[in-house]
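Thanks for taking a look at this one with me. Please keep the viewer open as you read, so that you can find each place as we come to it.

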Amino acid sequence: MTNVSSQARVPNLPPQKADDLQRSDLAAAEHDFPELGAVLRGGFELPAHALTELLELLGTKLFTRDPTLVHYVAWACKAEIFELAAARTAITIDDVCAHTCLNEAGADSLLGVLTALGLTTRSADSRYALTSIARDYFLRRSPFYLGDQFRSRGGAILPGYLRGQNRLWIKARRRLLGLLPAIRFGSKVRLRNQHARNLAACATAVRSGEFDCVRCLVDIAGGSGAFAIPLALSLPTERIVLTDLPQALNNIRRMLVEHGVEKRVELLGLNAFRYPWPIPSCDGIFIGNFLHSFDDATSSAICREAFERLSPGGKLWVHEMTWNPNKDGPLITALMHAGMRSAALGRQRTVQELTDILRSAGFVNPYARRSAGAYELVAASKP
Ligand SMILES: C[S@@+](CC[C@H](N)C(=O)[O-])C[C@H]1O[C@@H](n2cnc3c(N)ncnc32)[C@H](O)[C@@H]1O
């Protein structure tokens, strides 16, 4: 464990210079920011392991109603994906849609999880083929076939993955949730769940050095404070503004108080789809685990609004679990992607796809750096 409090930095120093700080410099920093001293000393410790290591092992992404890995494999058996892949040398998502009960979201989700599990491979032209372990155990003609032994206990294939069925209802539900986000977000249970999922990666992102020079940082859809809290505990950023839906703010405030940062982090009620955002002039905007809920056009519009609100020279950071370039892993991203595809129009993306979205919004000089586990900070500047 590494104590966050031992890494206090003087504002606006480039990371490499700040790393050279001696004890006396840290004392001076605390002297200059006396109100921060206590907060920094009250900081928590970073975990020694990325949460991904644990969640991948358990086959969960830590949502309150996660299907397990066995569900995904059982659904693939039920939809006859293995038999279809064996009958053709390789299959595409379109093939699965045409010949099974799955729709595009279902085919994409299940093939993603199977590939991350090593049961299928994915080629550069998005064709999926069975691996030998899948041939051994998931083809009916194999003497070792055990596909019929897998049960998705209590879990029929998700309606959002099925062709035709309930399509109207699903569309109506998606539209309603999009129009009325208050139905879904802001409860204590949901915020605690987000916090558990995202704090370790966000705290590690804060410690990456990326945010050391930011004077005013606005966290869009900042939720439980998974990013704003470690930021306030670690760095003397002059102004930190956490925005979220207005009805979520009371519960978020409680979480800030628990960490003693309620005076450092300003709360601002904001619906990210109402433009212009009423945020202060800022040189940094952070958007974590939010774009994955939306399609590319919506994500691009959100980033465009961030671009408009940033001062020239300001930076946008997007923090998401990313696919590796061939979209065949890691498993935690495949699971998160399957979750996003079942519930909304969202998806996990590769660094390249996120970079393309930032560029489409006007940003320049994009780059990425891994924060923790499968999480990547994808950043770009406003000229
Ligand atoms: C998955 S959480 C991410 C929270 C945080 N950024 C993190 O990484 O832990 C998504 C957050 O978006 C907020 N949210 C959902 N729809 C929103 C909207 N239209 N405008 C602003 N915030 C929204 C939710 O209340 C929730 O706190």
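1. First, some ground rules. This is a predicted model, in which local features need pLDDT of at least 70 and side-chain atom pairs count only at pLDDT 80 or more, while totals for chains, interfaces and linings use all residues. Residues are numbered from 1 along each chain as its sequence is written, and side-chain values use heavy atoms, with hydrogens and water left out.

2. Next, look at individual atoms of the ligand. One oxygen atom of the ligand is 2.8 Å from an N or O atom in the side chain of Asn198, and an oxygen atom is 2.9 Å from an N or O atom in the side chain of Asn289. A nitrogen atom of the ligand is 2.9 Å from a polar backbone atom of Ala221. The protein covers 96% of the 600 Å² of accessible area that the ligand has on its own (Shrake-Rupley method, 1.4 Å probe).

3. Asn289 lies in the loop between E8 and helix H14 (296–309) (helices, H or I, are DSSP runs of at least four residues and strands, E, of at least two, numbered from the N terminus). Its phi is near 55 degrees, a positive value in a residue other than glycine. Asn289 counts as buried because its relative accessibility is 16% (buried is under 20%, with a 1.4 Å probe and protein chains only).

4. Lys327 also has a positive phi, near 55 degrees, and is found in the loop between E9 and H15. Pro330 lies in the loop between strand E9 (310–323) and H15, and a cis peptide bond joins Gly329 and Pro330, with omega about -5 degrees.

5. Another cis peptide bond joins Tyr275 and Pro276, with omega about -5 degrees. Pro276 is in the loop between strand E7 (265–269) and strand E8 (282–288).

Definitions and conventions
A polar contact is a pair of N or O atoms within 3.5 Å; within protein, one must be able to donate a hydrogen and the other to accept it, and residues adjacent in sequence count only if both atoms are side-chain atoms. Buried means under 20% relative accessible area, exposed over 50%, partly exposed in between (1.4 Å probe, protein chains only).
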